[in-house]
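Hello,

Here is the structure I promised to pass on to you. Please have a look at it first, and then read my notes below.

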Amino acid sequence: MAYSTETRVFPINPDNPEAEPIRIAAELIREGRLVAFPTETVYGLGANALDAEAIDKIYRAKRRPASDPVIAHISDMAQLDQLAQNIPPKAYELANAFWPGALTLVLQRAPGIPPNIATGLSTVAIRMPAHPVARALIQAAGVPIAAPSANTFTHPSATTAEHVLTDLRDHVDLVLDGGPTHIGLESTVVDMTGDIPSVLRPGGVVLDDLKTIILDVEMIERYTSESEHTSAPGQMLKHYSPKAPVTLFTGPLYSVLIAMKESCQMHKERGQRVGLLLAEEDCHHLGEVGVVVSLGKRTDLRSISHHLFAGLRELDAQHVDVILARDFGRAGLGAALWDRLVRAAEGNVIKVG
């Protein structure tokens, strides 16, 4: 049964959060209730990370399978030692370089930490967010906060409070509305439990930056099913998906745009309404053949990342029947964009020659 409650919404200053909404939200966390709050990546659906029943409410509210773990958010390094054990030196090196920030570390779970935070595995995923609201909430609550993205499972992640309410109204006790998130994609997840640190999910911290701290980190692509238990979120093939089916095109840019235009015409002949996720410069090629969402300039991957999930949600709001998107390379944030688009498309990728 889904977790049900009456949802309240408190506006909050994203740079200097007011004390009273933080106090009320922190009290709810300590009571085992759910609070949605902004981080620099996406909005999180938060509960006391030390309370197994509270974590279970997250799964019920999101309709999330027990095989998909949640990330514990901390505000200081003392909480890292509370949650994890046998922490390798390289983990501290990455934490010192990128915390607070968009990096999650998978470590060995400490005794006494609820196993449902990590699908029953012996690991735990931990992040120290940089967003002032998130940090103030964790500090005021006095406990680490477990928080996956604040959306219904497999839907595009929430980057505004409005997105949270669209998916989770009456399934979360309080939403702290701090405006749009800054990055718009989830954190990078690095597994530190093996011999070689492995990027399980690319995100806000790019691989080249990680390699400036530890040279032997590697990228792993995994596409799992709901039945497979994983140590990090975002591993399933169907994830970040809008209601309309997505087709992802990859290949030389202008060949891709021609193929997308031909695909648009085919869908229109079938009487289907087509949505397009494009870079700003692409719009004049395809602007008249479908409902277009411009994500930003081709070279500005930060802008494209910031607008991706909102763009998918906007096309759903426009009631399109299908969505066509193109990839933005694999360099830097392009790797994270590729990861999200492949999963939004459930692996439906057309390679253009």
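**Two helices side by side**

Let me start with a pair of helices: α10 and α11 run roughly parallel to each other, because their axes cross at roughly 15° and angles under 35 degrees count as roughly parallel. Please keep in mind that this is a predicted model. The two axes come within 10 Å, and α10 passes α11 in a left-handed crossing. You can find α10 at residues 301–317 and α11 at residues 334–344.

Which residues of α10 and α11 meet? From α10 come Leu301, Ile304, Ser305, Leu308, Phe309 and Leu312, and from α11 come Gly334, Leu337, Arg340, Leu341 and Ala344. By type, this contact is made up of 8 nonpolar residues, 2 polar ones and 1 charged one.

**An enclosed helix**

Next, please look at helix α6, residues 161–168. Because 6 of its 8 residues are buried, α6 is largely enclosed by the rest of the structure. The buried ones are Ala161, His163, Val164, Leu165, Asp167 and Leu168. What do they pack against? Their partners are the strands β1 (8–11), β2 (35–38), β3 (43–48) and β9 (174–177), along with the helices α2 (52–62) and α10.

**Some backbone details**

Most residues other than glycine have a negative phi, and most peptide bonds are trans. A few places here are worth a look with that in mind.

- His319 has a phi near 60°. It sits in the loop between α10 and β16 (322–326) and is exposed, with a relative accessible area of 64%.
- Glu346 has a phi near 55°. This residue is in the loop between α11 and β17 (349–351), and at 42% relative accessibility it counts as partly exposed.
- The peptide bond from Trp99 to Pro100 is cis, with omega near -10°. Pro100 belongs to the loop between α4 (89–98) and β6 (103–109).

**The chain as a whole**

Stepping back, the protein chain holds 11 helices and 17 strands. Its radius of gyration is 20 Å, which agrees with the value near 20 Å for a compact globule of 353 residues. The C-alpha atoms fill a box of roughly 60 × 45 × 40 Å along the principal axes, and 60% of the residues count as buried. Among contacts with a separation of 6 or more, 70% join residues 24 or more positions apart.

How values were computed. Residues are numbered from 1 along each chain as its sequence is written. This is a predicted model: local features need pLDDT of at least 70, side-chain atom pairs count only at pLDDT 80 or more; totals for chains, interfaces and linings use all residues. Side-chain values use heavy atoms; hydrogens and water are left out. Buried means under 20% relative accessible area, exposed over 50%, partly exposed in between (1.4 Å probe, protein chains only). Helices (H or I, at least four residues) and strands (E, at least two) are DSSP runs, numbered from the N terminus. Contact means heavy atoms within 4.5 Å. Axes are lines fitted to C-alpha atoms, for helices over the stretch in contact, and angles run from 0 to 180 degrees between N-to-C directions. Angles under 35 degrees count as roughly parallel, over 145 as roughly antiparallel, 65 to 115 as roughly perpendicular and the rest as oblique. A crossing is left-handed if the near helix is turned anticlockwise from the far one by less than a right angle, and right-handed if clockwise. Ala, Val, Leu, Ile, Met, Phe, Trp, Tyr, Cys and Pro count as nonpolar, Asp, Glu, Lys and Arg as charged, and the others, Gly among them, as polar. The radius of gyration is taken over C-alpha atoms; the globule rule is 2.2 Å times the number of residues to the power 0.38.
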